[in-house]
Amino acid sequence: MSAAQLILGSVDLLGMDGYEALGDDGSWGSPQPIDVTLQSLLQDGSVVVTQGYDNREVSLRVRLTGSDSAELASLESTLFAEVGKRNTLTYVPPDGWGPASVFEVVTSRLEHTLDDVAEVMSCERTYGLTLVCEPFARSADQFTVVGATVSDPAPTPPPPTTITDGVSGTNWTVHTAKPTTYGGVAFSTNPILQLGYNKRDVKTTHVYEYTATFSVGQQKYLAIDWDMRGEYASMSDISPAVMLNNAANSTTGGTSLLRVGQMASPTNPGYTRTLWAIPSSIATVTRIRITSTMQAYGPDATWNSYERGIAVRLIQLTSQPLSSGTARQKTMTITVPGSAPTVGSLQVSHSTTALGDLLAYSWADSGCGYTPPMRGFRVSGGTLTVDSSAYSGAYDSLGAPVTYERSTQQVPMGLYVIYARLRLDNGASATVQIDASTLIGGNQLPGSAVTSKQLISGTIGAWKIVPIGRMMLPTVDAGSNGTLRLVVSNGGPSALSLDEIYLCNATIGRATVVNAGTLGTTPTPGAAPSTIWINSPTTDSPRPSVTAGVATDGSDAYNIESLVSSSQPHRWEPPSVSVFTACNALDATTTLTGYPRWHTHAADDQAA
Amino acid sequence: MRAPLMVKVGGYWLHQIGSYSDLTITDRWPGGNFEASWTMELPVGYTHPALHNDAPVQVLDGAFGVWTGRLTEPNRSTWECVAAGLSRQASSGSSGIAYMALDGSGNSTNVPDTAIDAAIARGLPWVRRASFSSTAYAASTDSLSSLGDLLDGVADEQGKRWAVWADGAVILAADPTTPSWHLTPGAADLGYADDEYASTIVGRYLRSSDLTYQTVIVTDADAEANRGHREYPVDLTPLGPTTSTRATSIANSILAKGKSRLGWTNGIEAGSWDITTPGGIPADLTLINAGDMIRLHGIWDERLSVPYLDVVIGERQYQVGEQTVQLTPVDYQARTLASVVEDALAKAAKR
């Protein structure tokens, strides 16, 4: 057991140096929610949205004790030197178990309370200390989370090993809190839809188990293609939880896996592919346990609609992180420790290749399988040229329109800024047109056609990531039943080639675009960067910034904002944020560094 | 939380120069991008190479430009900054007319395409993607006119409006006829105004066949029957000698642009929960533009006898980060002192 600590800058307010913080009427304050009240639609009451949090105010009384009035004055002087400026207030709980919590002080003030009796009799003076702090407390130490982006071994990992293709029901069992029949009707015996749940407005937890013994070998990840099925079906988390059992824990417990990536399945349309990291301690698996808490909300979530649940289409062992087209386009889940939104620095880096044009997009994942790149959803077009140097692995000549189709389930509602990696093949400019529509059963829904045009200019022969449109998507609310169709065409006069288009939802995510492709492909200090840092604004530096360099320690970093065409500050909110990166380097690493933030008291970082 | 719009001034990200707040963007139809304003936290008298009169200003959603204009000289005491949209460089203003209607040789011209191209060559930051009009608007080029006045005249003649949006392209287009947005019932109401209403256009012109002054009269019979007879004079003599066919066409275009409809006494303030796309997707307030048509459900349209009212947005004002947007219909008739003064100044400037 150790003593409590309360340190303002360099002054220990609970130490033996003449300072004593009095806890009788102190307060840590609270983050002040910024609520916006919206008029509700034809109903009583109102919709209140918390847009963020404002600063908190910490208040303390501090007693100074000295041998004489001269020492008291000296103590006051030392304390006042820590006041009225940026500072930190660090609190360590008295029992020695909880970690330190740090309040970032924006400014502060000191007020003396006159008590001549105490001063004469005890040689004490008491002060009120008020500290305006950032909304949330943080841990004392930074975290660093490395995204799952690098194949192992790179660049050619072993091929994936399929455990089950989800077609056969062999080895599957299911445990559910619900009876196996309802109202005399048996639950589905379809092995793809491993039973489900039927009750509206009630959360039930279901466990799906695949029992078979197999070796993990050198593979690093477990990949599962899954999907929610049934009207108004939803899940409490953004993916099922996965636990592995082996011989040592076949009957009790198991090892929970950490989700490291999630995107639309490239092989099973409509499914979400989620990647979990397998701890190196696991060599053999005897059972895969998939757990999900589900519910059904909605006017038609009837009691007897029992065919809701998870459909599993594929389970694989793999050493390949999630990518789209090539290893230049990576999707990952970044675990954000703490319990409150934090700021951080996202680093994208490669040891030998310059990053070229970089698109880094972060978003609050819903588990629907949404990711920005669209090459995998191309259904028709003109000449398609396979090119391993293209970000997507191929490019279209935009002499003919290119059509993409994607389930509306995988397109979260919102405003999308649509980017493309394009090349001007001749002339000076061209007009790119996007025609968006929504279909059900192959039929375009009425009122669903939306068009956006954008003039593109650039250097002939140079690939560049540029914005080509901005629209609400899907164009019609069609639930999970619709298909979003995008047709990209060139209105001329110049010819264009199209590598990839990216649908970046601005309602749920933030995008940074750095057009560093003009600086070359060989990492060069002061020129072509192989590392780019995207820094969120902080109270110290209340501006987002983008810096670049070659050395990963930042020793040759420079501000590259002049080449940044999109600079939306990223928001890092626990427990995780999905990140997509597209750049010229294969298997670039992505790392997030920041402080875990908490409401008032920091918890164990490792346990977070 | 929706990603914020960001600003570039003079090629610099504004947030790199200093903290700013209250970013507000205003669009108008006609006109396009009209004004952007914000307040910065900078020392009194601070200077920066980007913060000066005529510095290019872009408001961006990601990398997509949603507003483009030029900075007016910032107030270096309060650091209230205002940028004017690109279309305003063609029109009269307190600081004079930025661009006149001249041809490539510097002579006065009434051919819109010629005037636009020559102004672009002289530095006007526009793009002309398609022909505005290659026909001389007026016979005489004896006097000078601003580029904006020339384009206004052409737009009136064709029953259209012109604008310059964030991509810098000058466009000439008719009002939309189908709504891009839907407003839920009860979210707003509009009051009718007849200040500018006229059932009949009376145009005076110089007939080209015999060079005599003639009068053309056109009437919206439906409006006249329902709202009464009221005449509106139009002086077409500045066109020079012209035909009765053209004079009639111009008078009809003025009616078609709304002269024979009642105007509105107020705008509306609506939130993203109130406005949806035709497909039922809640609107992103930054995507609603002046020139879009919005369907106000729950308001009876007496003219068409339908339980909704379609109006074209004449002004959209949005403060970034707010949950509501201010929308003013095209036929809004000034009721506030500021609006009345602005209208009066605009009319005086045209004279």
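Five strands of chain A, in the order β12-β24-β17-β22-β21, form an open, antiparallel sheet. Strands here are DSSP runs of E, at least two residues long, numbered from the N terminus. Two strands pair if DSSP finds at least two bridges between them. The edges are β12 (161-164) and β21 (258-264) of chain A, each pairing on one side only. From one strand to the next, the twist averages 25°. Angles run from 0 to 180 degrees between N-to-C directions, with axes as lines fitted to C-alpha atoms.

This is a predicted model: local features need pLDDT of at least 70, side-chain atom pairs count only at pLDDT 80 or more, and totals for chains, interfaces and linings use all residues. Residues are numbered from 1 along each chain as its sequence is written, chains are lettered from A and ligands numbered from 1 in the order in which they are written, and side-chain values use heavy atoms, leaving out hydrogens and water.

Strand β8 (residues 101-113) of chain A has its own pairings, and the strands named with it run antiparallel to it.

| Partner of β8(A) | Bridges | Residue pair |
|---|---|---|
| β7(A), residues 87-92 | 5 bridges | T90(A) and V102(A) |
| β9(A), residues 124-133 | 8 bridges | H112(A) and Y127(A) |
| β10(A), residues 137-139 | 2 bridges | S101(A) and S139(A) |

Strands of a sheet pair through backbone hydrogen bonds, parallel or antiparallel.

Terms used: Helices (H or I, at least four residues) and strands (E, at least two) are DSSP runs, numbered from the N terminus.
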